[in-house]
Amino acid sequence: MVAVNRVFAAQLAGLPVFGPDGESIGKVRDLVIGLRVDRQPPRVLGLVLELATRRRIFVPMLRVTSIEPNAVTLATGSVNLRHFHQRTNEVLVVGELLDARVRMDSGATAVLVDAAMEPTRTRDWRMTRVAVRERTGRLGRRGPVQVLRWEELSGLSVSELAGQPQGAQHLVAIFETMRAADVALALHSLPVKRRYEVAEALDDERLADVIEELGGEDQKDLLAHLDDERAADVLEAMDPDDAADLLAELPEVDKDRLLELMEPAESAPVKRLLEYSFDTAGGLMTPEPVVLAPDATVAEALAHVRNPDLTPALASMVFVCRPPTATPTGRYLGCVHIQRLLREPPSDLVAGVLDTDLAKLSPDASLSDVTRYFAAYNLVCGPVVDESDHLLGAVTVDDVLDHLLPDNWRETGLTHA
């Protein structure tokens, strides 16, 4: 028995999905509808679920037994783990319908802000209602939201959706609640036209986070779509090691042009990283770990690692150098593990709790050497130091895994054993 009679897509997206015994399966990311040649309400074919492994799968609506305000329940916990692939005449409601421009029977134009499905007597679901906001006047001022029947609108065929420019305001609003890695996977699943529209609507910082989580070909494609000034701004917002990896994949003329457009302070660490091969410690490292002078206190060190912009791996270790502490100028003295910081009095100096015995990575150390280093010392972060004892940066285990996994691991996800 389905618990509700009308469900709006934007409210459904993100809801957790459970099996009949309460086992967690994943989250709803979209609805799939089959468009008709006439203007009758289309059938809702199923849900696109995202598993914990980030794999996106399709679940037919007939498998759905309950839709509650806070969860969706399936008839069985056994689901087909094959990747979802969109077919001809199938449309993603969240990914493709939201923000579409439509025509009302009155002749006015409007923007589609949501769509609602309702069950039929045959246990099918139909996309019967649409929420639209009319655009009025020459400046396209936004009117109030109206909920209309599907058949009261035109402009929703596959060809019309593919041919018209679309905003991305409502889709971006849904993405705001998702991790950058999940947004990247959603972007990869969208048609190219829609992917570009969403990229244009995201701010530089958010787009940088998302591009860092995309596969190499998607990264290059999105960067090429942006104008050069915007592309340079996004590269500046990326972590230097990720920006360097992306630039290294570009033709030399494009790489040089974008580096020239970046602010010197932002391009300098990227240029240093580009001097190393991508599969060495120098190419893998980030030049911006947490670095403090020896007279810093434990309390100061803990304050630095609390920075929410730090990855858990970078926050696991503080590096101590003689001033100046900015890489690559400071002479490396040692490191302090976060567990040690948590055990020491806040007023103590980090110089008194240094780990000076931990082996250091050379910038020319190979990927296999770096992998063995992390395995041998049970670390998630390690220092990269040159022959003159200058700290160059730090390698984190996530960067190592990025290079050990297949190139398309972000798109294929993981399968259950």
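Author: Start with K255. This lysine counts as buried, because its relative accessibility is 14% and the cut-off for buried is under 20%. Keep in mind that the model is predicted.

Where is K255? It lies in helix α11, which covers residues 252–261. What does K255 touch? Leaving out residues up to four places away in sequence, K255 touches L247, L250 and L274.

Stay in helix α11 for a moment. D254 and R257 both lie in this helix. They are 3 residues apart, about one turn of the helix. D254 forms a salt bridge with R257, and the closest N and O atoms are 3.0 Å apart.

A search of the whole structure finds 19 salt bridges. Side chains of opposite charge can pair when their charged atoms come close.

One of these bridges joins D204 and R230, with the closest N and O atoms 2.6 Å apart. This pair links distant parts of the chain. D204 sits in helix α7 (residues 204–212), and R230 sits in helix α9 (residues 228–237). The two residues are 26 residues apart. D204 counts as partly exposed, at 26% relative accessibility. R230 counts as buried, at 16%.

E152 and R149 give another example. Their side chains meet in a salt bridge, at 3.7 Å from N to O. E152 counts as partly exposed, with 23% relative accessibility. R149 is partly exposed as well, with a relative accessible area of 39%.

Next, the aromatic rings. The structure holds 4 aromatic pairs. Take F319 and Y332. Their ring centres are 6.5 Å apart and their planes meet at 50°, so this pair is tilted. The pair links distant parts of the chain: F319 belongs to strand β15 (residues 317–321), and Y332 belongs to strand β16 (residues 332–337). They are 13 residues apart. Both F319 and Y332 are buried.

Compare that with Y373 and F374. Here the ring centres are 5.8 Å apart and the planes meet at 80°, so the pair is edge-to-face. Y373 is buried, with a relative accessible area of 7%. F374 is buried too, at 6%. Ring pairs also bring in Y377, so that Y373, F374 and Y377 form a cluster.

What about the nonpolar core? In soluble globular proteins, nonpolar side chains tend to be buried together. The largest nonpolar core here has 130 residues. Which members touch the most other members? They are L12, V72, M117 and V395. Look at M117. Its contacts include N5, R6, V7, L12 and L31, not counting residues up to four places away in sequence. Among the others it touches are V44, M61, I67 and W125.

Now turn to the surface. L401, L404 and L405 form a nonpolar patch there. Together they have about 250 Å² of accessible area. L405 sits in the loop between α17 (397–404) and α18 (409–412). This leucine is partly exposed, with a relative accessible area of 35%.

Last, step back to the whole chain. The protein chain has 417 residues, and 49% of them count as buried. There are 18 helices and 18 strands. The C-alpha atoms fill a box of roughly 75 × 50 × 40 Å, taken along the principal axes. The accessible surface comes to about 20100 Å², and 50% of that belongs to carbon and sulfur atoms. Among contacts with a separation of 6 or more, residues 24 or more positions apart account for 60%.

Key. Residues numbered from 1 in each chain as written. Predicted model: local features only at pLDDT ≥ 70, side-chain atom pairs only at ≥ 80, totals over all residues. Heavy atoms only, no water. Patch = residues over 30% accessible without salt bridge, like charges linked within 9 Å, V, L, I, M, F, W, Y side chains within 5 Å. Areas by Shrake-Rupley, 256 points an atom, 1.4 Å probe, with all protein chains shown as cover. Salt bridge = Lys/Arg side-chain N within 4 Å of Asp/Glu carboxyl O. Helix = DSSP H or I, 4+ residues; strand = E, 2+ residues; numbered from the N terminus. Buried < 20%, exposed > 50% of the residue type's maximum accessible area, 1.4 Å probe, protein only. Core = buried A, V, L, I, M, F, W, Y, C linked by side-chain atoms within 4.5 Å. Contact = heavy atoms within 4.5 Å. Phe/Tyr/Trp six-rings, centres within 6.5 Å; stacked < 30°, edge-to-face > 60°.
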